[in-house]
Amino acid sequence: MSLKDLISPFYVWQRAFQKPYTQKRPIEERPGAPRYRGFHINLTEECVGCGSCEAICQNHAIDMVKVEGLEPRNGDSGLRPKFDYGRCCWCALCVDICTARSLRLSNHYAWVTEDPDAFHFIAGTDAMPWNQNSLGYRRDDDYHLLTHDRIEMDALSPEESLKGFDEVMKGYTEEQALLEADRCVECGICVATCPAHMSVPDYIKAVRNKDWEGGLKLLYETNPFSTTCGRICTHRCETDCVLGLQGTPIAIRWLKRAIADRVPAERYAEILNDTFTENGKKVAIVGAGPGGMSAAYYLRKQGYGVTVFEAQAHGGGMLRYGVPSYRLPENQLDKDIDYIRSLGVDVRFNTRVGQDVPFSELMDNHDAIFIATGLSSPMKLRIDGEEHPRVVSGLKILDDVAKGQDPGVGKRVAVIGGGNVAMDAARVSRRVGADVTVLYRRRIEDMPADPEEIHESKAEGCHLVPQAIPVKIKDADDPNQVVIVWGEAEMVSDAKGGRPRPVLQEDRMHEETYDTIVSAIGQGGDYDFMGECLGSIEQKWGKFIPGAYQQTGVSKIFVGGDIANSTADAISAVEDGHHAARGIHRFLSEEGLQ
Amino acid sequence: MNTVEEILDFAIEREQQAADFYTDLAQKVNKPWLKEMLEGFSREEMRHKGKLKSVKKGEKLLSAEQKIQNLKVSDYLVAVEPTENLDFQDALIVAMQREKAAYRLYTDLANNIDDPEMKELFLGLAQEEAKHKLYFEVQYDDQILKHN
Amino acid sequence: MFEPAAPVDLSSGKYLKLWQGPQHPGITGNMSLELTTCGDEVVACKTHVGYLHRGFEKLMERRTFIQNFTIVCRIAVPEPTFNEYLYAAVVEELSGIKAPERAEWIRTFNLELMRLGSYLMWLGGVGAAFGQSTIYQWTVTHRDYILDLFEEMTGARVYHMYIVPGGVRGRLPEGFEDRARKVLDGVERLLMDVEKILFNNVVFKTRTKGLGVITKDMVDPYGITGPNQRAAGFARDVRRDSPYLMYDEVEWDVITGTASDTYERAWVRLQEMHQGIRIMRQVLDRMPTGGPFQTPLPNVLHWEVPKGETYIKAECTRGEYGYYLVTDGSQYVRRVHVRGPSYTHAIALMEKMAVGTNIADIAGLMVSLHTYPPEIER
């Protein structure tokens, strides 16, 4: 034992004079660190109720619940997370996964209340003492639990694509499809938005599992035009996909295509195994487009004898004659249609109802009729000079090309319109070697065409002129040319909050000479073939207004597709067809439907 | 037309004529849904008539200063003859152009009169018609030009 | 259980059964020692565990790979980050993910800071077990400053949940490095003081020198690792023998002792704390301040780790800590086994070493082995 060992412990006194370390709570409050994982805050307005927080919570501390005064709508389930602080461990995985980034934690340390039920609350909706805290745990900008960027699909370069009518988008490779499918959080918000309510999360899961056959079965539950829709669907689902809130939405459409493309047509029958027994009842369908053929498919599966009357030489309707083959190759469309026909659906091509066969014959010889003729009459500009021979409709050009004829548009083309038909007419004209200008009366973002179409048209060299209103068409000096007069437009806001409206500025007019003016401002329907039946069928703005199950005032007539819905796209037509098939089955079976 | 009463009676009569015009046209057309649409137009005109009647009882007209939006949708459209083969696009054009004509009539009347009270009244009526025109122009923009 | 030389006849009245724990005021946690004493001499010792059994290994089989990272921290409460790191490491290895370099630096810092915090708490425990509670007051205070750093860095004081498979959950906060240096300086000064009043204290020296000697031939048969082993003269350290993270990038020494008694074990740990501070200062100097700190994971909501098995070990405060993971290609762990040093140190070794000691020394002896019951029971 040394003297040092005896003395040195007394060094302890030195620290006796230091300031104490302890804090006098609650007199001295110590705020949590700026990143402290305290109590939950949810920005209810930004939250879309995808439920990823609920899915990732390992303690089952989160329930997605209905919130008073918040209605579900497209892109928002109307549910919000309710937290149970008897279970929560404040790991904040819910914050990390939040697709809307609306969920966060405050840096609040302690919460004392005498009401035990208060520990079960809806964050952001219920008033909590920490709701206004500006600090607390947030997901770091460089830390992600989700992949926010879409896996790009290989495509032909604009130079290559302009050379012909080969399909521009090459489709996902298996590896790309798997990576893209992996991004899905399976919230199902897309299912509500999809007009056909396809089971999107399920078939994306099938992609992840490389279960192409199971995927195809899922697709056919709601959509017998999967090969087609996998290419040209308007994919409203993607608009509402929660992955789009912080990045790009899942390429739901391309994943659908990935499934359909991986199953060869020869194997469809074996995989889908659509067996049925004839029930002896007969249904007539007018129009072999997506609406008519979908109805045919689902009716046939119930055992109905189905006859489809089609005015054109091939099926597909607008999909064949309105969508060029660089977006939808004909053999892919045929893959869908041929399978439906293989079930014994009788399609009578080149048979125009009202001309080649009277409508009354359909009425007399069938138990029910589904009409899905589509909108095939181009709308008129109703401006001076519209009857000029160098003014043609967009549909005419697409129809010519689909039938292998030269549309003869010349070297300088102006396309009027902003929809898909306008974009396709422009792109087709580019392919036959013309300089193309697209005149659209509103802004680019108002264009009803798919964003991809707009993007690809630009890439292929179409010159897009927004806010341009055509006012007059005149003869040019050269009889093979035509002059268009158009004026610039200013956008004015709509008093009721709708989209802004263009107003012509008469002091800013332009005159240009073209070889062809393509008018593609929309289509109307032609229903004269239905004769006096029309009187009993409700219509508005040139479209039918069907009742439940697409049924009309004439109880055996059902309508659907572009002529009966406001969206006028393939997927809505498919749903109308499916819906009508269910309606017709109810109407003709015991289940009733008057 | 020298008194406020007379002018208002004239305007009310015009609205009645317009309503009758649509009712007659509705009888002629061969499309039942168009018939319904035209009857709707007719009801709209009757509503205008009701509005003017209450003006006669003392309610205020729109003030001339109040700017009514002119979308100029109809300005460059071709004139359409109201025949039995009308479609809905034509029907709307007919309606827009009729309202426009009425607006011009009252504006001209206002320009050719010196009495400030009368002038004010005609301009107010013109404003009313401009509002009606806007109603149809918005319909046209929303329905006919929906995809454009 | 080690039988005393002569058979114990309880009815003779010569012996007394004495329970130490499971409620224990020190830092040895909820386990109990069933002591058979003769006078104040311990003649037999039997350990009883199970008071903290929460079944982590089983729980993990029912949770997805991302969910598990939030529960592993609870396996060793005073030093959760070793669990976080090892869990991340096994999952990363089986799924072929490599964390970015910046994350490796941050992880190294995190682990060393945790080691220091854990040692500080232990040091207080040693003081308290030998009647010197002042040490406890001082060290736990400084541990709290370390917890403050953790709070800033990770968002929580104890269950950090910061090291996630693929990297870490966030960048270091603004000005963190300076505050960390200040805390390290404070701890360094504290250690000097503790050395003066504890290690140079005649009472402490007298009571601990020669107490609980682990002989060299016991080390491998008893599976003794960490400072307990190094105090016996083995220069073994996972950080040096199979380097992970950034340990081969920084300079530090493996501390060894010779006497292998309670005093020596404490002294080795004291020196290791200085080494830890040395490592952390180097990390703070060299850590990149930009660049990614997380490698993107597959979608964690349906993350399937390929079939495989692996064992990864790291040097925790108390010895070799390891995670053994078996996966079957599904979204769930097939089997996970956590190898903590407490199991070998606190059961077989303790039962042997207690025999022949004094009742008053039992607490100090237990502390000197530095064990955590929750880690025994996983």
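A nonpolar core is taken here as a set of buried Ala, Val, Leu, Ile, Met, Phe, Trp, Tyr and Cys residues joined through C-beta atoms within 7 Å. A residue counts as buried if 20 or more other C-beta atoms lie within 10 Å of its own, as exposed if there are 12 or fewer, and as partly exposed in between, with C-beta atoms placed from the backbone. The structure is a predicted model, in which local features need pLDDT of at least 70 and side-chain atom pairs count only at pLDDT 80 or more, while totals for chains, interfaces and linings use all residues. Residues are numbered from 1 along each chain as its sequence is written, and chains are lettered from A and ligands numbered from 1 in the order in which they are written.

The largest nonpolar core has 273 residues, and A:C94, A:F370 and A:V415 have the most contacts inside it. The element that gives the most to this core is helix α4 of chain C (residues 101-129), with 16 residues. Helices (H or I, at least four residues) and strands (E, at least two) are DSSP runs, numbered from the N terminus. Two residues are in contact if their C-beta atoms, placed from the backbone, lie within 7 Å. Once neighbours within four places in sequence are left aside, A:V415 is in contact with A:G394, A:A422, A:A425, A:A426, A:V436, A:V438, A:V518 and A:A520. Another core, of 23 residues, lies apart from the largest one, and its members include B:W33, B:L38, B:V94 and B:I144. In soluble globular proteins, nonpolar side chains tend to be buried together.

Of the 594 residues in chain A, 48% are buried. Among contacts in this chain between residues at least 6 apart in sequence, 72% join residues at least 24 apart.

How do the chains meet? There are 2 pairs of chains in contact, and chains A and C share the most contacts. Here 36 residues of chain A are in contact with 34 residues of chain C. On the side of chain A that touches chain C, α1 (3-7) and α3 (52-56) of chain A each supply at least two residues. This side divides into 20 nonpolar, 5 polar and 11 charged residues, where Ala, Val, Leu, Ile, Met, Phe, Trp, Tyr, Cys and Pro count as nonpolar, Asp, Glu, Lys and Arg as charged, and the others, Gly among them, as polar. The contact between chains A and B takes 24 residues from chain A and 17 residues from chain B. Two or more residues each come from β15 (468-475), β17 (501-514) and β20 (539-540) of chain A, and β17(A) gives the largest share, 3 residues. By class, the side of chain A that touches chain B has 10 nonpolar, 7 polar and 7 charged residues. Chains B and C are joined by no contact, and their closest C-alpha atoms lie 39 Å apart.

Axes are lines fitted to C-alpha atoms, for helices over the stretch in contact, and angles run from 0 to 180 degrees between N-to-C directions. Angles under 35 degrees count as roughly parallel, over 145 as roughly antiparallel, 65 to 115 as roughly perpendicular and the rest as oblique. In chain B, the axes of α1 (residues 4-28) and α2 (residues 32-56) come within 8 Å and cross at roughly 170 degrees, so α1(B) and α2(B) are roughly antiparallel to each other. Their contact has 13 nonpolar, 4 polar and 7 charged residues. The axes of α3 (residues 88-111) and α4 (residues 116-144) of chain B also come within 8 Å, crossing at roughly 160 degrees, which makes α3(B) roughly antiparallel to α4(B). The contact of α3(B) with α4(B) has 16 nonpolar, 4 polar and 6 charged residues.
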